[in-house]
Amino acid sequence: MPVGMIALLIAAAAVYFGLAERALDRMRLTDRQVLVVLVLIAVASLVNFTVVPGPISLRVNLGGSVVPAAVAVWLLATADTAREKTRTIVGVVITAGFLYALARLMPAEPAQMFAEPTYLFGVTAGLVAYLAGRSRRGAFVAGVLGTVVQDLAQYLSLLYRGVPGSTWLGGAGAFDTTVLAGLVGVAVAEMVGEVREAWQGGPRNRGERL
Amino acid sequence: MRRLWFLALVVAVISAGVLAGAMPGCALAPAVFEPPELSDGYYSIVDESGHPIVSTGLGVVVGDEFVTTDNRVFVVVAVRDRVATARFERQEDLGPYLPASTVLLSAAAPPAVGIYHTHSDESYIPSDGTSAIDDRGGIYDVGAALARALQQAGLAVLHDEAVHLPHDAGAYARSRRTAANLLRQGANVLFDVHRDAGPAAEYSRTVDGTTVAQVMLVVGRQNPAMANNLAFAQALKAAADQRFPGLIRGILYAHGNYNQDLSPHSLLLEVGDDHSQKEDAEKGAAMLASLVPAVWNSPALWQTQERISWSVLFWLLMAVVLGGGTYLVIASGGVLQAATRLGHIWESLKTMIRGRRPA
């Protein structure tokens, strides 16, 4: 492969992981925790396994779904209040339902969509997750788990209809919609939070949790 | 001060959106007002005099480009009631892409080709009895024919028969996992094999004395690898024009990503349409497959892609600097504050390099 292409691939990956580091950093994780999560996602993206074999199979990529889902569950378990936990779980359900509906209501061809589906699903998941969870951590959890639940619903749909095929959870690894939805959720939460704060004329200490 | 910065940012974003929407060639705004694609319909692209250029089941929006069989480039300037009017832009010269050899050079590592089908249900009415099968459609047989021909040409082939049903807006998000997995397994080239929709017999041609279904190459306009993928499509068309004139129906430079950001050698192939004989589509796919080794050998392709990659890298770095700078200014509350913060970061870096803790 030409040097230019290799340099471009390395630069693109560096920018992606740089942005991911910034997003994870906003969730009250320590620098070491952020590094461990990113390394785990990157390395585990190389690992695939089949959960349900057979004509209607369910395949999983470790870095694209299990690692981010485990981080999401950990964030959920360590949430400060029962109210925050409940709100985040509701956010997961709403995000999953919204993504499922979006896939069926939008036109099938990307040319007919107002935005590219690869990014649209991530952005939509992030936006809905933030509105439902109202926190950076809640947005990440709802974005990641909402996408996983939506994919499982897709698998159950194939199972119910008896259509042979394989469903992937996080199959695109670090670049999967699952990871993207979580990161975009945090970015949206950050942006909305900053705009609200700026609109109010500066930070207000009202005991609000991020 | 922070409030002012954010007001400015919001106004800038809204203005950019409005301006972009008003610009001819903008792929974003017109699509919002387009009617959704009809399962039984197709779009017709005509020139400014109303003469037909091509028909396709893919949606067409303002800004899309189409390179015809004889390499005339048209740009879509208006779309109304599924009729797209296109302006003649230029005559493309694909000569520089012509491959030096028609077989794999011994020194060149043969590519592994990944094949998959985002729209699993796509089928051929004359052969399969219907245009869509709610399972593995006839398109999988065309993918298998493509795979066999590639193997005969000496290439390694990974044909992933994953089903991505239903045929809805989530299909490309689902097939993205398949495409990424093919790359992880070592594929250097990705073909997402589809069939088009259109009027009867539109794709049928006699090529090299045989009746075949033509192949249309589709390159997504919304991905960072688009220029590289377009060069790959042009090299493939140049080789086809030389060996099998008429085989390639054209190159559609279309609104969308089509998961082509994953690889610089990734194309969507429309092999025939729903009215084509599946056997003709299989023959067309096999002809295309026989050209891949020659294209992989083309020094012009690699030189072009090398140049494109450096150019994209430059713009990526510019975007990082501009985006990071904007973020820094907003987060710091102003240009002066951002400059001060940068100064502190620089001092910290210097101290770190010298091995002392910052004061």
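In this predicted model, helices α3(A) and α6(A) cross with a left-handed sense. The two elements, spanning residues 62-77 and 136-161 of chain A, bring their axes within 9 Å of each other at a crossing angle of roughly 140°.

Turning to charged contacts, 18 salt bridges are found over all chains. One of them pairs B:R177 with A:D176, at 2.7 Å from N to O. Because B:R177 sits in helix α5 (residues 171-184) of chain B, while A:D176 belongs to the loop between β3 (165-169) and α7 (177-199) of chain A, this pair joins two chains. Both partners, B:R177 and A:D176, are buried.

Within chain B, a salt bridge links B:E202 to B:R249, with the closest N and O atoms 3.2 Å apart. B:E202 is in the loop between β8 (189-196) and β9 (204-207) and B:R249 in strand β12 (residues 248-254), so the contact ties together parts that are 47 residues apart in sequence. B:E202 is partly exposed, at a relative accessible area of 24%, whereas B:R249 is buried, with 6% relative accessibility.

A further salt bridge joins the side chains of B:D208 and B:R243 (3.9 Å, N to O). Here the loop between β9 and β10 (210-213) of chain B is tied to helix α6 (residues 226-243) of chain B, so the link spans 35 residues in sequence. Salt bridges with shared partners also connect A:D151, A:D176 and B:R177 into one network.

Notes: Residues numbered from 1 in each chain as written. Chains lettered and ligands numbered in written order. Predicted model: local features only at pLDDT ≥ 70, side-chain atom pairs only at ≥ 80, totals over all residues. Heavy atoms only, no water. Axes fitted to C-alpha atoms, helices over the stretch in contact; angles between N-to-C directions. Helix = DSSP H or I, 4+ residues; strand = E, 2+ residues; numbered from the N terminus. Left-handed = near helix turned anticlockwise from the far one by under 90°. Salt bridge = Lys/Arg side-chain N within 4 Å of Asp/Glu carboxyl O. Buried < 20%, exposed > 50% of the residue type's maximum accessible area, 1.4 Å probe, protein only.
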